[in-house]
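My notes follow in the order I made them.

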Amino acid sequence: MKFINVGFGNMVAADRVIALASPDSAPVKRLVQDAKDDGRAIDVTCGRRTRSVIITDSEHVILSAIQTETIANRLDDSESGDDVEEEE
């Protein structure tokens, strides 16, 4: 199982991520508010501004202070299986 760092030492299973979104649009703001009301929101921003919203297959919504593009790059790296092998 591959994990991606979503900021401040917090990790999310890469297999469980369904979507990444910017928190600026009204539909995403509603989605986050509904998740908070239902107890499905996980805030890993450590008090900083939310810069990306991660939606999982279990319908949990994870709020991160890391840029959406950065998390997308980390997801791509974990899915491509680029394990660095040391050459001797």
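For polar contacts I count a pair of N or O atoms within 3.5 Å, and within protein one atom must be able to donate a hydrogen and the other to accept it. I keep in mind that this is a predicted model.

**Entry 1: helix H2**

I began with Asp77, which sits in helix H2, residues 68-80. Its backbone oxygen is 3.1 Å from a polar atom of the Ser80 side chain, so I log the pair as a polar contact under the 3.5 Å limit. Ser80 belongs to helix H2 too.

**Entry 2: a negative patch**

Still on Asp77, I checked which residues share its surface patch. The patch is negative, and I listed Asp15, Asp76, Asp77 and Glu79 as its members.

**Entry 3: salt bridges**

Side chains of opposite charge can pair when their charged atoms come close. How many salt bridges does the structure hold? I found two.

One joins the side chains of Arg16 and Asp57, at 2.7 Å from N to O. I traced both ends and found that this pair links distant parts of the chain, 41 residues apart. Arg16 is in the loop between strand S2 (10-13) and strand S3 (17-21), and Asp57 is in the loop between strand S5 (52-56) and strand S6 (61-64). I noted Arg16 as partly exposed because its relative accessible area is 39%. Asp57 comes out at 40%, so I have it as partly exposed as well.

The side chains of Asp38 and Arg40 make another salt bridge, with 3.4 Å from N to O. Asp38 has 54% relative accessibility, so I put it down as exposed.

**Entry 4: a nonpolar patch**

Last, I looked for nonpolar side chains on the surface. Met1, Phe3 and Met11 form a patch there, and together they have about 390 Å² of accessible area. Where does Met1 lie? I placed Met1 in the segment before strand S1 (3-7). I call Met1 exposed because its relative accessibility is 73%, and over 50% is what that label takes.

Note on methods. Residues are numbered from 1 along each chain as its sequence is written. This is a predicted model: local features need pLDDT of at least 70, side-chain atom pairs count only at pLDDT 80 or more; totals for chains, interfaces and linings use all residues. Side-chain values use heavy atoms; hydrogens and water are left out. Patches are made of residues with over 30% relative accessible area and no salt bridge: like charges are joined within 9 Å, nonpolar side chains (Val, Leu, Ile, Met, Phe, Trp, Tyr) within 5 Å. Accessible areas come from the Shrake-Rupley method with a 1.4 Å probe; for residues, only the protein chains shown count as cover. A salt bridge is a side-chain nitrogen of Lys or Arg within 4 Å of a carboxyl oxygen of Asp or Glu. Lys and Arg count as positive and Asp and Glu as negative; His and the chain ends are not counted. The place of a charge is taken as NZ of Lys, CZ of Arg, CG of Asp or CD of Glu. Helices (H or I, at least four residues) and strands (E, at least two) are DSSP runs, numbered from the N terminus. Buried means under 20% relative accessible area, exposed over 50%, partly exposed in between (1.4 Å probe, protein chains only).
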